[in-house]
Amino acid sequence: MPDQLRGDVRLLGEMLGSVLAESGGDDLLDDVERLRRAVIGARDGSVDGKEITDLVASWPLERAKQVARAFTVYFHLVNLAEEHNRIRSLRERDDADNPPRESLAAAVRSIREDAGEDRLRGLVDGMEFHPVMTAHPTEARRRAVSTSILRVSEQLERLRGAHPGSSVEADAHRRLIEEIDLLWRTSQLRYTKMDPLDEVRTALAAFDETIFRIIPEVYRTLDSALDPVRSGQRPPLAKAFVRYGSWIGGDRDGNPFVTHEVTREAITIQSEHVLRGLETACARIGRTHTEYGNLTPASGDLRDTLATAKAGYPRLMHEIAKRSPNEPHRQLLLLAAERLRATRERDADLAYTGPEEFLADLRVVQESLAAAGAVRQAYGELQHLIWQAETFGFHLAELEVRQHSAVHAAALAELRAGDTPSETTQEVLATLRVIAWIQERFGVEACRRYIVSFTRSAEDVAAVYELAEYALPAGKAPVLDVIPLFETGADLEASPRVLDGMLQLPGVGRRLEETDRRLEVMLGYSDSAKDVGPVSATLRLYDAQAQLAEWARENDVKLTLFHGRGGALGRGGGPANRAVLAQAPGSVDGRFKVTEQGEVIFARYGQAAIAHRHIEQVGHAVLMASTDTVQERATEAAARFRDVADRVAEAAHTAYRDLVDTEGFAEWFSRVSPLEELGELRLGSRPARRSAATGLDDLRAIPWVFAWTQTRVNLPGWYGLGSGLAAVEDLDQLNAAYTEWPLFASLLDNAEMSLAKTDRVIAERYLTLGSRSELTERVLAEYDRTRDLVLKVTRHTRLLENRRVLSRAVDLRNPYVDALSHLQLRALEALRTDEAERLSAEDRSHLERLLLLSVNGVAAGLQNTG
């Protein structure tokens with residue numbers, strides 16, 4: 001472990017120890033230390049697992065809850081220390097002459113050398129990265145806890161930056177332990193269920209704190225890589241290539257709490273945030289543009305714009321001119337800031353009609369400065385503001401609506417029959433009316449995508465266009481891009497046929513003409529993996545991408561594939577940049593759209609430096625995956641190893657379905673995991689199931705993965721892979737596939753990470769709770785088989801051998817996760833045994849609270865849990 005990281009972990013741990021002793025006495029700290037030493041001893045074989053079980057069982061339930069909270073807070077602090085270490089590493093590797101791996105500068109250098117300047121510029125000009133925030137319930141932390149952690153982070157940075165022995169260092173030390181004390185005293189669990197607007201505000205914290213600020217910095221990085229000498233002194237070579245989307249407040253599939261009123265309010269909240277951000281930035285930049293008119297004369301366009309403003313707003317312009325005499329560029333920027341305020345406050349006389357009008361004012365200033373020779377002022381900070389306006393508009397992120405195809409079918413059946421519309425049908429129509437209102441108020445780009453879950457045919461897409469005609473008068477329907485979502489294995493295979501049918505729909509044809517034949521298709525990773533297992537889902541998704549890319553070429557369509565990936569490995573998670581490079585050749589083509597879910601939002605966007613790095617890594621991967629060299633290499637590898645992959649996938653699928661199709665499997669899963677208790681964590685507004693059914697089919701993929709993670713089995717990330725690899729007897733051929741084919745490498749690397757976070761001994765304790773020894777033995781045997789063969793195929797002597805930083809993080813966390821697992825098992829065993837019915841109401845309440853605290857802590861420790 002790097003010395004600075006070790007020092008931060010030790011410092012934060014010691015401070016937490018002091019807080020525990022002050023709060024709960026030395027006895028509490030002693031109990032925490034006893035458990036800490038015991039779980040570390042169990043890892044090296046010096047302590048027996050039964051000793052830990054007996055220790056945890058000896059505590060009163062109130063003490064057990066305190067210990068669980070202590071380990072949870074410790075994980076928050078360790079995560080923070082690792083973030084700081086990562087930021088330090090990023091700063092140390094920041095070398096303009098030697099760009100770091102997976103950076104935009106590295107991509108520019110590689111493509112320029114390999115394909116030449118023209119090809120490079122073509123790829124850069126066509127690049128798009130479209131992250132879509134979703135409210136899927138995978139973030140276990142309360143927002144109060146997240147903001148508390150940010151305050152701890154600020155004081156740690158202040159402490160490490162202070163001069164040793166200074167008063168600043170002493171004060172930072174005092175503040176740091178004060179914030180840790182507050183974090184300890186803050187409830188880790190939510191007492192009230194989140195509603196969709198809470199989720200909107202939670203996600204927007206990332207926009208306020210990092211995203212708005214770092215986006216222009218990313219563009220500047222790319223611009224400097226393209227022409228380092230003149231960046232900031234010429235028109236930008238980098239365009240605004242990031243566009244944010246959001247499902248939060250728009251995704252109503254199975255969530256009765258997302259209504260048309262919520263959708264309307266969600267976009268209003270978003271607009272308020274982005275207009276405040278633009279207004280503040282415009283006022284700040286405007287105040288700095290004090291160019292004297294005699295030295296930097298205004299252009300004719302700028303003078304005309306100011307003259308028009310004086311005629312329209314004489315009092316306001318008099319005040320601005322009084323503060324900025326003979327500073328025409330400053331005057332127009334300060335006017336623009338006032339107009340943004342008026343737009344936010346809905347002052348129609350002064351407000352902008354839309355972002356393009358605001359951008360027009362900025363460009364008038366920019367062109368005037370450039371014409372007067374002030375090129376550094378024209379293309380410096382002012383360009384950053386232009387990039388922000390181009391990226392976020394006045395709506396921040398495009399709000400996307402999603403609904404299940406069955407809901408549309410039922411609504412249409414009622415309307416066609418002339419029946420009185422049910423409440424559900426009325427809500428579908430009201431949603432379409434709200435989309436029309438949003439477009440009228442904020443522009444078409446604010447809300448035009450409508451995603452249809454479980455699309456089975458072109459009729460499912462046509463239904464949305466027909467419903468829009470019922471919802472609004474003739475000619476008043478909103479602009480709609482209806483996006484099919486293919487989720488199950490069968491749906492993925494049928495996707496090209498569905499698209500053939502879509503081309504015959506008038507609504508789709510009209511949009512193809514209006515958008516230069518652009519079309520979007522969404523692929524669901526979560527439900528496909530839950531349906532057919534992680535290995536088979538990976539291959540089927542790859543095949544679907546390849547088939548859809550070929551379909552797009554044959555039909556002259558510019559296709560964007562929207563990847564519905566979760567944060568967990570069992571839901572398509574893992575490093576986003578590696579996932580891009582593992583896509584089927586031709587399926588990226590300069591465009592990558594992906595969901596950013598729950599805990600992933602804060603993991604990737606909680607710190608500015610990490611957010612910058614994430615976007616750079618994805619940008620690098622999108623550029624590289626679109627080059628001829630990378631695509632040819634991937635095509636050759638896919639052709640060479642496809643037979644091997646098919647054999648692996650077939651055997652893996654058989655093993656997976658044999659397990660989940662076993663009679664009574666759903667009930668067994670509920671007993672061996674905290675699945676049924678997860679709803680009490682109040683992670684999000686959406687129910688865990690699409691209906692009242694209790695089987696696996698109706699269970700959403702998120703609680704499926706989250707619950708398996710808690711058991712330390714991590715089954716959705718690897719189950720079936722061992723059987724699949726065993727079906728191929730040629731180990732050298734498997735290793736060659738791992739070495740040469742990015743898809744196969746990504747599959748095994750993600751499984752390896754999932755296996756590294758699995759603990760066989762603890763997992764067995766969970767599995768035995770189900771009283772089905774044959775299922776327990778089958779799962780553990782598959783784990784042993786998978787672990788053994790993954791190591792042989794990758795030729796690693798231990799898991800994560802080739803990923804030093806990740807391996808260190810997992811090794812550091814695992815013993816402490818063990819502590820929380822033992823605490824969780826105490827609660828779960830008590831709630832699952834025959835004695836549970838005789839528990840007092842008070843004891844049951846304490847046990848359930850202990851269980852939820854431990855769930856929260858395990859999620860913090862393992863991180864990519866959902």
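Colleague: Why are Trp 704 and Trp 708 separated by about one helical turn?

Modeller: Because Trp 704 and Trp 708 are four residues apart in helix H28 (residues 701–710); helices here are DSSP runs of H or I with at least four residues, numbered from the N terminus. This is a predicted model, in which local features need pLDDT of at least 70 and side-chain atom pairs count only at pLDDT 80 or more, while totals for chains, interfaces and linings use all residues. Residues are numbered from 1 along each chain as its sequence is written, and side-chain values use heavy atoms, without hydrogens and water.

Colleague: What makes Trp 704 and Trp 708 an edge-to-face aromatic pair?

Modeller: Rings of Phe, Tyr and Trp (its six-membered ring) pair if their centres lie within 6.5 Å, with planes under 30 degrees apart stacked, over 60 edge-to-face and the rest tilted. The rule gives 26 aromatic pairs. For Trp 704 and Trp 708 the values are 6.0 Å centre to centre and 90° between the planes, so the pair is edge-to-face.

Colleague: Why is Trp 704 called buried?

Modeller: Buried means under 20% relative accessible area, exposed over 50%, and partly exposed in between (1.4 Å probe, protein chains only). Trp 704 has 2%, and is therefore buried; Trp 708, with 0%, is buried as well.

Colleague: How do you know that Arg 69 lies over the face of Trp 184?

Modeller: A charge sits over a ring if NZ of Lys or CZ of Arg is within 6 Å of the ring centre and within 35 degrees of the ring normal. Arg 69 is placed over the face of Trp 184, at 4.1 Å from the ring centre.

Notes. Helices (H or I, at least four residues) and strands (E, at least two) are DSSP runs, numbered from the N terminus.
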